Amino acid sequence: MEEAGAGGGAAPAPALAELLADECYADFFREDFDVKAYTSQSIHQAVIAEQLAKLAQGISQLDKELHLQVVARHEDLLAQATGIESLEGVLQMMQTRIGALQSTVDRIRVKIVDPYNKIVSRTAQLAKLQAACDLLRRIIRILYLSKRLQGQLQGGSREITKAAQSLNELEELSLERMLLK
C-alpha cells in the first residue's frame with residue numbers, strides 16, 4: 001500500500017485515487033465548492049437517492065482508508081503522542097518557573113521601589129527645608145539690616161553713608177527675593 005499526504009509527496013492510496021478520479025466527487029474538490037448550489041442542483045435533477053448512496057459509499061471508502069493509514073503509521077502516531085506528552089510536561093515546568101521568576105521580580109521590585117519612593121519623598125522634603133532655611137536667613141539678614149539702619153538713622157548725619165550702604169544691601173536682598181520667585 002502506498003502512503004498518502006505526509007509521506008513526502010508519494011502517490012495517494014488506491015482507494016483515495018479512485019475517489020479522486022470519480023466524477024461524482026469532483027465537485028467536492030473544487031476550491032469554489034458551494035454546498036447550497038450543489039444541494040439545489042441535486043434536488044432539481046431528482047437523483048437524490050442515487051447521490052446519497054454514492055456519498056455514503058465514498059464516506060465508507062474514506063473511513064477504510066483512514067483506518068489503513070492509522071494502522072500503517074501506528075508507531076509514528078504513538079511516538080508523536082508521547083512527544084506531545086513530554087512537551088506538555090516541559091511546558092508545565094516552564095510555566096512554573098516563569099511564575100517563580102515573576103514572583104521573584106515582584107519581590108525585588110518591592111525592595112527597590114519602596115526605597116526609591118522614600119528617597120524621592122525625602123529629597124523633595126529636603127529641597128523644601130533648604131528653601132525655608134534660605135528664606136529664614138534672608139529674613140534674619142533683613143531684620144539685622146533694619147535694626148542697624150534704625151540705629152544709623154538715629155546717629156544723624158555722621159552715619160548717613162553707613163545708612164545708605166544698609167539701604168543698598170536691603171534693596172539687593174529685596175531684588176534677589178523677587179528674582180527667586
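Is D134 buried, partly exposed or exposed? With a relative accessible area of 27%, D134 comes out as partly exposed (buried is under 20% relative accessible area, exposed over 50% and partly exposed in between, using a 1.4 Å probe and protein chains only). The model behind this value is a predicted one, in which local features need pLDDT of at least 70, side-chain atom pairs count only at pLDDT 80 or more, and totals for chains, interfaces and linings use all residues. Residues are numbered from 1 along each chain as its sequence is written, and side-chain values use heavy atoms, with hydrogens and water left out.

As for the overall fold, the chain has six helices and zero strands, so the order from the N terminus reads α-α-α-α-α-α, given that helices (H or I, at least four residues) and strands (E, at least two) are taken as DSSP runs and numbered from the N terminus. Of the 181 residues in the chain, 12% are buried. The chain exposes about 14700 Å², with carbon and sulfur atoms supplying 63% of that; accessible areas come from the Shrake-Rupley method with a 1.4 Å probe, and for residues only the protein chains shown count as cover. Taking contacts (heavy atoms within 4.5 Å) between residues at least 6 apart in sequence, 51% join residues at least 24 apart.

Helix 5 covers residues 74-154, and its 81 residues should span 120 Å at 1.5 Å a residue; the expected span is 1.5 Å times one less than the number of residues. The end C-alpha atoms of helix 5 are 118 Å apart, which agrees. After helix 5 comes G156, with a positive phi near 90°.

On to the charged pairs. The count comes to six salt bridges, a salt bridge being a side-chain nitrogen of Lys or Arg within 4 Å of a carboxyl oxygen of Asp or Glu. In one of them, D134 meets R138 at 3.3 Å, N to O. Both residues sit in helix 5, four residues apart, or about one turn of the helix. An α-helix has 3.6 residues a turn, so residues three or four places apart point the same way. R138 counts as buried at 13% relative accessibility, whereas D134 is partly exposed. R137 joins in too: D134, R137 and R138 are linked in a network of salt bridges.

Another pair in helix 5 is D106 and R109, three residues apart, with 3.2 Å between the closest N and O atoms of their salt bridge. Here D106 is partly exposed at 32%, and R109 is partly exposed at 45%. E159 and R158 also form a salt bridge, at 3.9 Å from N to O. E159 counts as buried at 17% relative accessibility, but R158 is exposed at 69%.

Finally, there is a nonpolar patch on the surface, made of L135, L136, I139, I140 and L143, with about 490 Å² of accessible area together. Patches take residues with over 30% relative accessible area and no salt bridge, joining like charges within 9 Å and nonpolar side chains (Val, Leu, Ile, Met, Phe, Trp, Tyr) within 5 Å. L136, one of the patch residues, has its place in helix 5.
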